[in-house]
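Hi there,

Here is the structure I promised to pass on to you. Have a look at it first, and then read my notes below.

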Amino acid sequence: AWAPDGQSLLTVGADKTAKVWNVSGIQPLAEDADDAPAANPLPSLTAVRTYKPWKHATAASIGDMQVGCVFVGDTAVTLSLDGTLHVLSSDGTDTVSKTVAGHGKPVVCMARVFRDGFLSVGLGSVHVPTTCPSVGFVWGGIVGFRKSVALPHAGAVVAAAHTATGDTVFTIGLDDFCFATSFTSDDAVPETTRRIAKIPFQPTSVSTSHDGDVVAVAGGEFLCAFFGGAGDGCNEKPHTIKFPDASRKAITCAGVSCDGNRVLIGFVSGTTELMDVKRHGDAVVNLWTKHPDDDDFEDTPYHQAEVTAVAFHPKFGNVVATCDAN
């Protein structure tokens, strides 16, 4: 997760740690004559703080594996496999300032809500009796209060994405639908929740541009995108493409650039693919990418293991961070 100012990057991993990286030296890449990012060198990353958000300070367990993270303003929040939420200290030390376990069951995703809150979605909750497959909590004032949120999905929620201001959160679920929930005030009460689109495959990843106008959903061999997600004119028939190359096996994640003009896809094979978004009116009408017969295809960055996350810089539409299972 990027900090809102783009100066820091937060990562979490199965090694049960969270790391904050100094990326203040990154500048937007120059564009060449063909409107493709030029190969400008990027500064090396330096981990300035390493956190160990464990339940027991002297020993870590499987439940302490870190599986999610989000920035709420300048404050970083991480998620453990057992559903515990950790607010990391922002005073320059590697300590955890607050730990909460609101769900009592595993949490599957997080998203920022408005200015100083975040949404956590879990597979139920010991505190809220319900028959719904997923339960959401909105935490305000950096865990100053908690409110439950009704989620309209008929199947368990698997991923969430938020706009730059946190006024809209997109969720996808095993019911193959994408919903948008709008938040318009600091009381963290959702104003509206509406169905955005029926996804023609089982989705596993969702991402959005800063203004919420472009939303991309990925899963298996498929990627779909639609325009107008944060407004009232969204088309419910997203543009869908299939990647038939068996060597890629499956799409693991996808990220939309801040300006909504690009989508980067990560694959199980460790490769990434950059796509441009072509719009017409209120619809995404085409997505296209480079192919192996292109002269510069071999210069495409790739990982040695499954790509697990993709996140574009919050200000630069052609700078993106990716990480893998290593």
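How many disulfides does a search of the whole structure find? The search finds 0 disulfides. Please keep in mind that this is a predicted model.

Let me start with a cysteine, C253. C253 is in no disulfide, and the nearest cysteine sulfur, that of C323, is 7.5 Å away. C253 is buried, with a relative accessible area of 5%. Another cysteine, C109, is also buried, with a relative accessible area of 8%.

C253 brings us to a threonine, T308. T308 belongs to strand β24, which covers residues 307–312. Leaving out residues up to four places away in sequence, T308 touches C253, C323, D324 and A325.

You will find T78 in strand β5 (residues 75–80). T78 has a relative accessible area of 0%, which means that it is buried. With residues up to four places away in sequence not counted, T78 touches a list of residues that includes L10, V12, P53, L85 and M110. Q66 is also among the residues that T78 touches, and the side chains of T78 and Q66 make a polar contact at 2.8 Å.

Next, the charged residues. Side chains of opposite charge can pair when their charged atoms come close. How many salt bridges does the structure hold? There are 2 salt bridges.

One of them joins K242 and E221, whose closest N and O atoms are 3.7 Å apart. This pair links distant parts of the chain: K242 is in strand β19 (residues 239–242), while E221 is in the loop between β17 (214–219) and β18 (222–227), 21 residues apart. E221 is partly exposed, with a relative accessible area of 29%.

D276 forms a salt bridge with R262, and here the closest N and O atoms are 3.8 Å apart. D276 lies in strand β22 (residues 272–280) and R262 in strand β21 (residues 262–267), so the pair ties together parts that are 14 residues apart in sequence. D276 is partly exposed, at a relative accessible area of 27%, whereas R262 counts as buried, at 9% relative accessibility.

Last come the aromatic rings. A pair of aromatic rings is described by the distance of the centres and the angle of the planes. The structure holds 4 aromatic pairs. For F177 and F179, the ring centres are 6.2 Å apart and the planes are at 50°, so the pair is tilted. Both F177 and F179 are buried. What sits over the ring of F177? The charged end of K198 does, 5.4 Å from the centre of the ring. Elsewhere in your view, look for F118, F137 and W139, which form one aromatic cluster.

Happy exploring, and write back with any questions!

Best wishes

Notes: Residues are numbered from 1 along each chain as its sequence is written. This is a predicted model: local features need pLDDT of at least 70, side-chain atom pairs count only at pLDDT 80 or more; totals for chains, interfaces and linings use all residues. Side-chain values use heavy atoms; hydrogens and water are left out. Rings of Phe, Tyr and Trp (its six-membered ring) pair if their centres lie within 6.5 Å; planes under 30 degrees apart count as stacked, over 60 as edge-to-face and the rest as tilted. Buried means under 20% relative accessible area, exposed over 50%, partly exposed in between (1.4 Å probe, protein chains only). A charge sits over a ring if NZ of Lys or CZ of Arg is within 6 Å of the ring centre and within 35 degrees of the ring normal. Helices (H or I, at least four residues) and strands (E, at least two) are DSSP runs, numbered from the N terminus. A polar contact is a pair of N or O atoms within 3.5 Å; within protein, one must be able to donate a hydrogen and the other to accept it, and residues adjacent in sequence count only if both atoms are side-chain atoms. Contact means heavy atoms within 4.5 Å. A disulfide is a pair of cysteine sulfur atoms within 2.5 Å. A salt bridge is a side-chain nitrogen of Lys or Arg within 4 Å of a carboxyl oxygen of Asp or Glu.
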